[in-house]
Amino acid sequence: MTLDARTIDRIGLVVHPHRRLDRALSSVHAWAAEHDAEIVQVIIDGQERVVAEAGDASSCDLIIALGGDGTTLAALHAAAPYDIPVLGVACGSLGALTATSADRIDESLRRIATGAWQPRILPGVAVSADGGEPWVALNDLVVVRKGAGQVAIEIRIDGELYVRFAGDGIVIASPLGSSAYTMAAGGPILAPGTAGVVLTPLAPHGGVAPPAVVSAQSVVTIAIEPSHAGARVEFDGQMTDAQPRTLEVTWRARHATLVAFDDAESLLAGLRRRRILMDSPRLLARDDRAAATAAETPSADALPASD
């Protein structure tokens with residue numbers, strides 16, 4: 001994929017609905033003016049904030065998401081059908097999908113202009129509801145009860161029954177999404193590079209229904225039987241009006257593209273920095289004791305010379 005100053009004629013913006021973006025917008029406009037590029041705003045459902053004239057994602061050479069991981073996720077969904085790369089800019093804390101921060105956007109755009117970037121290909125999880133056109137989730141698709149009643153769920157992997165359970169619902173996640181809702185619900189994190197889907201039952205009532213990691217070659221079918229209160233579907237964190245009774249889950253190896261740089265923080269390092277992954281208190285206390293001992297022990301250079 002080629003992307004540099006010669007090939008960027010139109011930049012699409014996807015923006016956070018509330019965060020302050022003045023500095024980031026000023027940097028983008030300055031770069032666009034210097035390189036004779038047009039700026040448009042890619043409209044996202046439910047987005048009311050206006051920062052530029054509206055334009056279609058399909059007409060853009062680069063889409064810049066100004067906000068955080070949620071904003072970048074929305075930009076990726078808009079860009080994916082047209083294979084357009086997305087630069088995620090953190091206007092707040094740096095997350096898993098943002099490649100740079102608002103105070104470094106000038107440097108990042110200069111690097112893109114010289115071609116000093118790499119495409120980070122993101123897989124997706126395709127979920128077809130009742131035989132319809134699939135949603136493709138980059139993080140997860142969640143089925144969760146609406147009211148007091150439980151949801152009865154049956155999971156089949158390549159046609160073979162895995163488990164039936166009644167509970168709050170199920171999370172169907174990609175490797176990227178495995179460190180979000182899935183992990184919070186007790187499921188595993190899939191290491192970067194893993195090709196597979198993780199299925200995590202939510203609060204199963206009785207029985208034994210552990211999370212399952214399913215290979216990229218498998219087809220998963222899920223039957224849903226909601227109680228009288230019903231169930232809702234959340235797609236990458238956004239609620240839908242869907243009320244499916246069956247889901248078919250398959251793997252998409254290449255769904256969307258992020259702009260990445262050579263010095264990018266790894267996923268695991270980012271999870272540790274944000275304290276989503278933390279060492280146990282016993283080991284942290286041991287580290288503190290070792291550091292205190294080292295501080296109290298004079299180094300060889302500090303010892304007085306012997307006669």
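Reader: Which residues does Pro201 touch, not counting residues up to four places away in sequence?
Author: Pro201 touches Phe165, Gly169, Ile170, Ala209, Pro210 and Pro211. Contact here means heavy atoms within 4.5 Å. This is a predicted model, where local features need pLDDT of at least 70 and side-chain atom pairs count only at pLDDT 80 or more, while totals for chains, interfaces and linings use all residues. Residues are numbered from 1 along each chain as its sequence is written, and side-chain values use heavy atoms, with hydrogens and water left out.

Reader: ok, and why does Pro201 count as buried?
Author: Because its relative accessibility is 7%; buried means under 20% relative accessible area, exposed over 50%, partly exposed in between, with a 1.4 Å probe and protein chains only.

Reader: Where is the place of Pro201?
Author: In strand 12. Helices (H or I, at least four residues) and strands (E, at least two) are DSSP runs, numbered from the N terminus.

Reader: How many residues of strand 12 are buried?
Author: Seven of its seven, residues 196–202. Val197, Leu199 and Pro201 point one way, and Gly196, Val198, Thr200 and Leu202 the other way.

Reader: why two ways?
Author: In a regular strand the side chains alternate between the two faces of the sheet.

Reader: What pairs with strand 12?
Author: Strand 11 (residues 169–173) runs antiparallel to strand 12, joined by five bridges. Strand 13 (residues 212–215) also pairs with strand 12 in the antiparallel sense, over four bridges. Two strands pair if DSSP finds at least two bridges between them.

Reader: And which residues stand across from Leu199?
Author: Ile172 stands opposite Leu199, and in strand 13 the bridge partner of Leu199 is Ala212.
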